[in-house]
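Student: Could you help me learn to read strand pairing and salt bridges in a protein model? I would like the general idea first and then the case at hand.

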Amino acid sequence: MKFSFSLLVLFVSAQIYAQNNNLTQNDTIKELSPVIVTPKKQSPERLPEIKNNTLFSGKKNEVVRLSSINGNFATNNAREIFSRIPGVNIWENEGSGIQINVGVRGLSPNRSWELNTRQNGYDISSDVFGYPEAYYNPPMEAVETIELIRGGASLQFGPQFGGMLNYVLKRETEKEFTFETQNTVGSYGLMSSYNAIGGTIKKFSYYSYNHSRSADGWRENNEYSVRNTHAFIEYRFTNKTKISAEYTNMNYDMQQPGGLTDVQFDENPRQSVRGRNWFGTPWNVFSLNFDTKITSRLSSNTKLFGLVGERNSVGFTATPNMADAVNPTTNSLANRRVDRDFYQNFGVENRNILEYNLGKTKQHLAFGARLYKANTTRQQQGRGTTGNDFDLSIEGAYPRDLDFTTENVALFAENQFRVTEKFSVTPGIRYEHITSVGQGRFGVSQGIDVPIPQETLVRNKSLFGLGIEYKFNTTNVYANITQAFRPVLFSDLTPPAVTDVIDPNLKDASGFNADLGFRGNFKNYLNFDLSLFYLSYNNRIGGVTQFVNNDPTQGTFLFRTNLGETVNKGIEGFFNLNVTRLLSMDKKYGALDFFASMSFIDSRYGDFQTFTSSGTGQNTTITENNLSGNRVENAPRYIHNLGLSWSNSQFSSTMQYRMSGRVFTDANNTTAPSANGVTGLPRRLSSI
């Protein structure tokens, strides 16, 4: 045996010597590309401490990698896409998936307006400060990952209470040319086609896709047609400097079937009492991106971005219990209402990361600046046609014709102080300067224009925050408390009625987010994140009924001002257990995962005054009430997702069950459904 082993060693040594001698003689060495084998990651993932010149240390965050989950991406089914992120409230106000409406921690999910919504790191909402509704989102077939950073995001991304939601699009960085096509045919006339090409050729990279989808819809009068087109190109000067540009265009026409009262829903949930209502938002977003590593310790990113879009709607807008019927007097249908918004936004955002040493420990400073300007032209209450199609023509002029401008300058900095290799403290500050200007015609009364004199709001706001993180081996404890605020919106500056009065000293809503959690991975079969949160939302805006000139005989008016606060607190938890890996059976039987995302939310009004009036003339009385203790509208008490997923190298399947607590639709917590379907306590919601 020893002799055999000695011969083997001698043979191998001789071969090595021969190869080395041959290489020396030919002076040629061929290097093979390394092969890196990485296990499939469990979703959601977490962002690293530093990425794209941004600090995430001590912040609660989730990253959903769409290639790691199963979901109906063809129709942007948000209930499936966000199922692994706890506390996400989904609002499906139409079944097309064109708009994704999400909220977190009891905040309103209406068009994701409590979140800073971005694509590849730049804004895609109407106006971040004046009208932050997201009418556009990319098709999920084009999305690589979805990043959600909670309240701690307000220092580096903007002051929204909900945090930052970022859609990161696919890119091809290895092959010279790839082609991807996904085509879906479904019930109710669904046809969806996604086609993309991409590649990297020497110093150039490119990616482009076109997505088209149309359907008749599950409900009557619910047809839609949507198209998304995107183009991206990048050039790398060196391995330290690159520049890229991208452009996205979206256009859709969507018929809106309108709401239903509880009685109508019980009769037939698929019915529609609106056949002439349409909605569409042509949308264009673009970005120019420059990355460079200035020194070995300083890197910089600058984004120049813009948005040009519209919001167009036409229809009969009365409550669901009002029939859209032929008027027997005129023998025709009523003229529809036409509303249009036009948006033009431009901005530049710079982010930098500086690495330096304190003693022998590396520290990181993230700092940057942002310049932003947005203009919104709002034309409402136009007298439209009596037809049925998507016709935006009107008779005469728009009674309401307003112009809003927002200008913003922001500076921010966060520093990660590493006390030890495992323990870090990250304090930060953000300074916001915001100027909002509104002017135009509010309405027409008896043939006379009712103007809104030019109003200018100037705010200088500083936000502070602190994050803490302590690492174990593959887990960490994190805590964060960060201030946030919500600037006064355009809708707050334009009262519903011409008799309403706006408080000239109206304040921005302000407050803070706090998190305390434990997260990580255990032996590669358990992925978890368990945390507590507390969200304080102060200076909410509402209406106060007052007497004209303090004289009951002169009637009343509604005074819009800051009235009070709400507090949202609760528990958010997620875990994914790979059962087969736990039992060391995954190589033979594939990956069997059981996951659960659970949240308990207690969202209530604090000290919040309300006023109502009754009677007429000298007998008018004003009654003061307080909403203290009432639950905040649109905030479910719990949201739970339970699922089972199995996959191998060629096949994957997921079964999911979702439960959501009932929500109140008004601050008075009305339980009985109203005749017009506007208020009342909805039924308990669940889905598979």
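Tutor: Let's begin with burial: a residue is buried under 20% relative accessible area, exposed over 50%, and partly exposed in between (1.4 Å probe, protein chains only). This is a predicted model, where local features need pLDDT of at least 70 and side-chain atom pairs count only at pLDDT 80 or more, while totals for chains, interfaces and linings use all residues. Residues are numbered from 1 along each chain as its sequence is written, and side-chain values use heavy atoms, with hydrogens and water left out.

Student: Is Asp 339 buried or exposed?

Tutor: Asp 339 is buried, because its relative accessibility is 11%. Its salt-bridge partner is Arg 337, with the closest N and O atoms 2.9 Å apart. Arg 337 is partly exposed, at a relative accessible area of 30%.

Student: What counts as a salt bridge?

Tutor: Side chains of opposite charge can pair when their charged atoms come close. The rule here asks for a side-chain nitrogen of Lys or Arg within 4 Å of a carboxyl oxygen of Asp or Glu. By this rule there are 40 salt bridges.

Student: Which parts does the pair of Lys 471 and Glu 49 tie together?

Tutor: The side chains of Lys 471 and Glu 49 form a salt bridge, 2.8 Å from N to O. Lys 471 belongs to strand β22 and Glu 49 to the loop between α1 (2–26) and β1 (50–51), so the pair ties together parts 422 residues apart in sequence. Lys 471 is partly exposed at 27% relative accessibility, whereas Glu 49 is buried at 14%.

Student: And how do I read strand pairing?

Tutor: Two strands pair if DSSP finds at least two bridges between them. Strands β22 (residues 448–471) and β23 (residues 475–486) are antiparallel and share seven bridges. They form a hairpin with three residues between them, and Tyr 470 stands opposite Val 477 in β23.

Student: How many bridges join β23 to β25?

Tutor: Twelve bridges join β23 to strand β25 (residues 509–522), again in the antiparallel sense. Here Ile 481 has Ala 514 in β25 as its bridge partner.

Student: What is the order of strands in the open sheet?

Tutor: The five strands run in the order β3-β8-β9-β6-β7, with mixed pairing. The edge strands, β3 (61–65) and β7 (122–123), each pair on one side only.

Note on methods. Helices (H or I, at least four residues) and strands (E, at least two) are DSSP runs, numbered from the N terminus.
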